[in-house]
Every structure is written in structure tokens, then in C-alpha cells.
Amino acid sequence: MHRTGELYGQFQTLDQQKESATLGMWVFIAQEILFFGGLFLAYTINRHTYSTAFGVGGNMLSLPLGAANTVVLILSSLTMAMAVWSATTSKKKLVSLFLVLTLALGCVFLGVKVIEYKQKFDHHLIPGHGFDIAYCSKNPAACGLTGKELATEVEEIENGLKADPDLNAHAQLYYSLYFAMTGLHALHMIIGAGLLLWLIQQSMKGRFDAAYNTPVENIGLYWHFVDIVWIYLFPLLYLINRHLA
Amino acid sequence: MSEHIVSPKIYGLIFLALMVGTALTVWAAYQNFGPFNIVIALGIATIKASLVILFFMHGKYSSKRTKLVIVCGFFWLAIMLGLTLADYSSRHPEPSRTQVLPSAPAAFRA
């Protein structure tokens with residue numbers, strides 16, 4: 001069986017077999033780039049068209065949470081890379097350890113995302129009937145807004161409405177894209193967590209070593225790709241208009 | 001095995017570089033560079049993504065065939081973004097949903 005790292009009939013060497021697997025993974029990732037690319041394209045066009053509303057919407061996201069999540073996700077990429085290194089150097093116990101760390105960090109990321117989504121839900125920023133971009137400026141107590149923060153937000157919305165009378169509808173578009181993009185990203189993280197669970201189970205049995213580590217390597221590629229998507233989502237969604245606030 | 005093993009030291013350095021990039025992009029977001037804010041943000045993101053691809057994903061140590069596939073993925077993305085944005089930016093005036101041609105029948109002009 002392939003799982004034990006034996007040579008399949010259609011390959012001449014194990015190296016060739018492994019390279020084919022890596023190549024296949026990259027073909028899949030090329031498809032994933034285009035899958036996310038469609039959303040990035042929709043975002044770019046709408047951001048350009050409704051830049052005021054997108055700026056107001058983006059500045060309402062929590063930068064500390066977004067930045068913390070970026071650090072967590074990059075750290076999980078490091079532990080994933082270390083899991084691959086442990087496998088290729090036959091350090092079997094370390095493989096499991098690093099995979100568990102990666103899974104834990106992935107769960108932290110998703111947990112923070114849940115907190116962020118919940119906050120947006122409380123602040124009436126879920127696209128749909130109750131959407132109101134000015135909810136927090138009208139009900140500062142409900143959002144815990146005070147002093148300078150509140151003044152900034154009230155001013156931003158006032159200026160926004162001057163530049164774009166349809167601010168609410170266009171900010172809603174921003175939040176639709178925000179949830180679509182981060183949601184699709186989170187779905188990839190959940191799938192990645194499932195794959196990691198399987199990897200951890202296999203690594204506990206001592207399956208992965210220098211001779212056979214293709215699953216660790218390929219799921220690692222997937223995990224890093226999901227990290228790259230976030231590396232772009234973070235500045236696009238959270239950062240672009242901060243300097244105007 | 002002929003595959004290249006990347007040392008933990010390099011992974012650590014790349015991680016540090018990625019952290020510096022993250023700090024830099026957050027700092028830059030609060031400075032007013034006018035139209036260049038977005039360019040700087042995406043530039044830093046692209047450097048970070050390249051580091052991940054080259055080192056964490058072993059792109060630098062892959063075979064030429066694999067490298068070709070990696071580049072293809074981004075090339076396709078560039079085609080999709082480039083051609084679509086070229087179309088959007090060159091169509092003028094942008095038709096509005098409510099705009100109706102003066103020659104349209106009265107029923108459509110309400």
C-alpha cells in the first residue's frame with residue numbers, strides 16, 4: 001500500500017513518486033488560488049467603486065484581534081513547517097508534538113474569529129434586514145464606545161454619508177464580502193483542522209519518517225496556503241483605511 | 001532521499017521576518033501615504049507570501065517542474081485580475097441600474 005511508503009507500479013523511484021504527489025498538491029493549490037481569486041476580484045472592484053463605505057466598514061473591525069490572529073496563524077505555519085522537518089529527520093515524537101501545536105493554534109485562530117463574528121452580530125453588522133452601519137454611533141453604550149473612539153466613529157459616519165448618501169447599502173456590501181472571504185477562509189481552516197486530526201492519529205502510530213512523509217508535507221502545503229490567503233485578507237480587510245480615521 | 005531538508009534555523013529566521021512584516025504593515029497603516037497606503041500594504045503582504053512559498057512551502061528547493069506549476073497558479077490569477085480590471089476601468093460611463101435611455105418606451109421610464 002502507498003500509505004506505508006512503498007513504491008507504486010507506475011513510478012520508477014520513491015523520489016519520483018513523492019515529487020508527483022507534491023506536484024499534484026501544487027496543481028490543487030493553483031486551483032485554490034483562483035477559487036479565492038474570484039472573491040478578491042469582487043472585493044477589488046467594489047472597494048474601488050465604493051471606497052468611502054468600504055473604508056468606514058473596514059475601520060469598524062477590531063485591529064488588535066485581526067493582528068493577533070495574523071501572529072497566531074503565522075506561528076501555526078512555523079509549527080507546521082517544524083512538523084515536516086521532524087518527519088523528514090525521523091523524529092517521530094516531535095512530529096506529533098508539532099502537529100498538535102499546529103492544531104491548537106488553528107483552533108485559537110477560529111476561536112478569535114468566533115469572538116469577532118459575535119461582536120459584528122451584536123453591532124448589527126450582519127448583512128440583512130437588521131444591518132445598520134451607524135448602530136454603534138447611535139447606541140454607543142451597547143457597543144462600549146466612549147470618548148474619542150465614539151467621536152471618531154460618529155465623525156466617520158457623518159463624513160461618509162456626505163460622500164456617499166447610500167453608505168449603509170454599500171457598507172453592507174463590504175460586510176457581505178468580509179463574511180464571504182473570512183468565512184471561506186475559516187472553512188478552509190476547519191477542513192485543515194480535520195486533516196491535522198488525521199495526521200496526528202497517524203503520527204502517533206509512528207507512520208511518518210524520513211522514508212515516508214508525503215501526507216505531512218502535502219497537508220503542510222495546504223496549511224501554508226491558507227496562511228497566505230490570510231496574509232492578504234488582513235491588510236485588505238483591516239488596514240487599508242486606518243490612516244483616515 | 002534526494003530532497004532538501006530545510007533547517008529549523010531558517011524556519012525561525014523566516015518566522016521572525018514574517019513577524020517584522022506584520023508589525024511593519026500595521027505601523028504603515030496608520031501613516032498617511034496617500035494613494036500609496038494600499039500599495040505598501042499589498043507590497044508587504046506579497047513579500048510575506050513569497051517568504052512562505054519559498055521557505056515554508058519549499059518552493060525554493062522544488063524541481064523546475066513544480067516551480068512552473070507554482071508560477072502558473074499566480075499567472076492565471078494575474079490573467080483573471082488583469083483582464084477583468086482592464087475591462088472595468090475602460091468602460092465609460094458606467095451604466096447605473098436606474099439609468100434608462102431617453103428613447104426607451106414610456107413604461108420603462110417610470
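Visitor: In what order do the elements of chain A run from the N terminus on, and which residues of helix 1 of chain A are buried?

Guide: Before we start: this is a predicted model, where local features need pLDDT of at least 70 and side-chain atom pairs count only at pLDDT 80 or more, while totals for chains, interfaces and linings use all residues. Residues are numbered from 1 along each chain as its sequence is written, and chains are lettered from A and ligands numbered from 1 in the order in which they are written.

Now the order: from the N terminus on, chain A runs α-α-α-α-α-α-α-α-α. That's nine helices and zero strands; helices (H or I, at least four residues) and strands (E, at least two) are DSSP runs, numbered from the N terminus. The C-alpha trace of chain A spans about 70 × 30 × 30 Å along its principal axes.

On to your helix. Helix 1 of chain A covers residues 14-49, 36 residues in total, and at 1.5 Å a residue it should span 52 Å; the expected span is 1.5 Å times one less than the number of residues. Its end C-alpha atoms are 52 Å apart, which agrees. There is still a bend of about 30 degrees at Gly37(A), taken as the angle between axes fitted to the seven residues ending there and the seven starting there.

The buried residues of this helix are Lys18(A), Thr22(A), Met25(A), Trp26(A), Ile29(A), Ile33(A), Phe36(A), Tyr43(A) and Arg47(A). A residue is buried if 20 or more other C-beta atoms lie within 10 Å of its own, exposed if 12 or fewer, and partly exposed in between, with C-beta atoms placed from the backbone. In chain A as a whole, 41% of the 245 residues count as buried.

What covers them? The cover includes helix 2 (51-59), helix 8 (167-204) and helix 9 (214-239) of chain A, together with helix 3 of chain B. That last name takes us across to the other chain.

The contact between the chains takes 37 residues from chain A and 43 from chain B; two residues are in contact if their C-beta atoms, placed from the backbone, lie within 7 Å. Helix 1, helix 2 (36-56) and helix 3 of chain B each supply at least two residues of the side that touches chain A. The largest share of that side, 14 residues, comes from helix 3 of chain B.

How confident is the model here? It scores ipTM 0.92 and pTM 0.91. Chain B averages a pLDDT of 87, and 80% of its residues score at least 70; pLDDT is the predictor's confidence in each residue, from 0 to 100. Helix 3 of chain B (residues 64-90), part of the cover over your helix, is where confidence in chain B is lowest, at a mean of 94.
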